[in-house]
Amino acid sequence: MQNLSSNSSLVPLTVTPAGELRDEKGHVPKIQGGAHWYVLSDEGTELSAELGSVLQREAAIRPDIGIFYVDHKIRSEKLPDLRPDFDLTLLLAYDYIGLPIAVQANALAGLLAKAPRGAAFSYALLLRAVQGGITIGRIPQLLAMREKRYPQAPREDRLRVLENWLGQDRIHFDLKPGIPPYALQLRRRVNEMPPITLCVPTRQSYPATDRNGESQHPFIHGLLETIGRLDYPMDKLKVIVGDDLPDGSAYANRTWPFELTRVVTERAPGEPFNYAKKMNQLWRLSQTEQIVLMNDDITSESTDWLQALVTFSMQEDVGGVGARLLYPNGTVQHAGFCGGMFGLCAHAWMGRPADEPTYQDWAIVHREWSMVTGAVFATRRSVLEEINGFDEVFSLEFNDVDMCLRLKALGYRIVYTPHAELVHHEKASRGQALPPGSDLARFLKRWGAYLADDPLFHPRLDRYSFALRPLSSLA
C-alpha cells in the first residue's frame, strides 16, 4: 500500500469527519476540472499501489463512468468487503459504498456546489451524482486496506440527505427504520396506493397433510385469506384466479373484501401444463397498470407486504419486484437469485435459517438483483406488454428468471425487498413435474454468458455455497 502522489493524473484527498476535503498537506484544496481524477479517502485507509494503474485502465474502458468505487480489505477481519455493481436500492438502505471513491475532476467540481457537508458527505455526494446523471461503477478488486469497516453516518444524517434528495417526491414516501439497526427502508404512503390486480394460477392443490380431510381448504383459500388481511384499500384490490378445475370451487362462492374473478383455464386432454402460458393469459385479463403475479401456495401473517412491493414497482425504471419467501419450517426459500451459482443460478441462502446473519446483511435490506423469483412478482402491465410477458417456450422452469433478464437487458432494475415477507409452500401450484432438458439448454444458450459474470453478484464470492461468502483465498 502507498499513497498516490507519484501519479500526476490522480489527486488524493482526505475527507474529514465533518465532510471537509483536505490535501496531503492538510490544506483545503482548490477543486478544478479536467481529465484527472480525485481519490477521496479517510484517515486510516491505505490505498493500493495498483489503484492508479487500475483506475486509468478502467476509465479508458468505461469513459461513461464518473465515479468508481472499490472493494475493501479490513485489517483485523478475515472476510473482505465485496461490493455488487452500482445498486441504488441498496444505497437507499445504507451507504454500502463508503470511502474511498475516485471521482472524475469535472464531476467533482460540479457536485461540490450541491452536496451538503457533514458526517454523511460522501453519501450525499453519491446521491447527488445519481440525480445529476453521473454514472457510478465498481472496480471489483481489493484496492483499499481499512483499519475497520467503513462507519455508517448516523441514520439521522442520512435521513436528512435522503429527504433533501427526494425533494418534492418526499410527500409520497416515508423513510422508515430498516431491519438492521443502521438501515433505512423506503415506503410509499398508504394514501398513495394505486389500483392493483393480483394474478393467481391454481389447480386447487391441498397441503399434503390435509388431502384426506374434506373440511380442509386448498392452498388458494389460504392465499385469499392472506390478501383479505392486507392493510390496503380493498376497493383498489382485484384478484384474478385462473383455475384448472372446471367444476367450481368453494373459494369463489365466499364473499371476499376485494373483487374476485375466477377464470377456468382447463387444459385439453393430454395438453402439458405450461405455467408461462397460463400466467400470460391471466395478466392480459387485468385492467390495472399495477400487477402482482403470485403462486397460489403463498401465505403471510404480515399485513403490509403488498405496500412494500408496490413502493418499488411503481417506479418507472423498475421492471419487477420480488419478495422474501420462507419455507413453512422457517428457512429461507428466496432472498434473490445469484447468477453463476452452481454453474447456473440459484437462490441465495436457500435452506438457511431465516434469522441467520447474512453477508453484509444483504438478505434483510432492500437491494437489486439481476433476477428474482416469479412466485411473488410485482410489476406493471405496460412493462409486461413491452416484453410480451413470459416466454412460453419455458413452460415450467426458468420463465421467471428469463423474464427478469430480458427486463434487465432493457435497462430496468429488478428489486428485492425483505419488507414483503411471505411463506411459500413451493411446487403446490403446479406439482412436481421436472423441466425438459431442452429448456435448460435453451436457457444457458441465451443467458449463460451473463450468468457467468452477474454484475449484481461478485466474482470473488464462492459460487458453490448458498451462504454467499468470499472465497477462502481472499481471507
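**View 1. Helix 10 and the residue after it.** Helix 10 is followed by G411, whose phi is positive, near 95°. The model shown is predicted, and local features need pLDDT of at least 70, side-chain atom pairs count only at pLDDT 80 or more, and totals for chains, interfaces and linings use all residues. Residues are numbered from 1 along each chain as its sequence is written, and side-chain values use heavy atoms, with hydrogens and water left out. Helix 10 spans residues 399-409 and is mostly covered, with nine of its eleven residues buried. Buried means under 20% relative accessible area, exposed means over 50%, and partly exposed lies in between (1.4 Å probe, protein chains only). The buried residues of helix 10 are N399, D400, V401, D402, M403, C404, L405, R406 and L407.

**View 2. Cysteines without a disulfide.** A disulfide is a covalent bond between the sulfur atoms of two cysteines. The cut-off used here is a pair of cysteine sulfur atoms within 2.5 Å. By this criterion the structure holds zero disulfides. C199 is in no disulfide, and the nearest cysteine sulfur, that of C404, is 16 Å away. C199 has 0% relative accessibility and therefore counts as buried. For C338, the closest cysteine sulfur belongs to C345 and is 9.2 Å away, too far for a bond. C338 is also buried, with a relative accessible area of 0%.

View 3. Two strands pair if DSSP finds at least two bridges between them. Strand 10 and strand 13 run parallel and are joined by four bridges; in this pairing T197 stands opposite I291. Strand 13 also pairs with strand 20 (residues 376-380), in the antiparallel sense and over five bridges. Here V292 stands opposite A378.

**View 4. Surroundings of Q290.** Q290 is in strand 13 (residues 290-294). With a relative accessibility of 6%, Q290 counts as buried. The side chains of Q290 and S313 are joined by a polar contact of 3.1 Å. A polar contact is a pair of N or O atoms within 3.5 Å; within protein, one must be able to donate a hydrogen and the other to accept it, and residues adjacent in sequence count only if both atoms are side-chain atoms. Contact in general means heavy atoms within 4.5 Å. Leaving aside neighbours within four places in sequence, Q290 is in contact with P194, P195, I196, T197, S313, M314, T379 and R380.

**View 5. Surroundings of P201.** P201 lies in strand 10, which covers residues 196-202. The relative accessible area of P201 is 2%, so this residue is buried. Once neighbours within four places in sequence are left aside, P201 is in contact with G242, Y275, K278, M279, L282, M294, N295 and D296. The C-alpha atoms of P201 and E24 are separated by 63 Å, and the two residues are 177 apart along the chain.

**View 6. Two edge-to-face aromatic pairs.** A search of the whole structure finds twelve aromatic pairs. Rings of Phe, Tyr and Trp (its six-membered ring) pair if their centres lie within 6.5 Å; planes under 30 degrees apart count as stacked, over 60 as edge-to-face and the rest as tilted. The rings of Y94 and Y182 have centres 5.4 Å apart and planes at 85°, so this pair is edge-to-face. Y94 lies in the loop between helix 2 (88-93) and strand 6 (101-104), and Y182 in the loop between strand 8 (173-177) and strand 9 (184-188), so the pair ties together parts that are 88 residues apart in sequence. Y94 is buried at 6% relative accessible area, whereas Y182 is partly exposed at 25%. F342 and Y464 also form an edge-to-face pair, with ring centres 5.9 Å apart and planes at 90°. F342 lies in the loop between strand 17 (337-339) and strand 18 (345-347), and Y464 in the segment after helix 11 (437-452), so the pair ties together parts that are 122 residues apart in sequence. F342 is partly exposed at 38% relative accessibility, and Y464 is exposed with a relative accessible area of 61%.

View 7. W349, Y359, W362 and W369 form one aromatic cluster. R367 lies over the face of W362, at 4.8 Å from the ring centre. R367 also lies over the face of W369, at 3.6 Å from the ring centre. A charge sits over a ring if NZ of Lys or CZ of Arg is within 6 Å of the ring centre and within 35 degrees of the ring normal.

Methods:
Helices (H or I, at least four residues) and strands (E, at least two) are DSSP runs, numbered from the N terminus.
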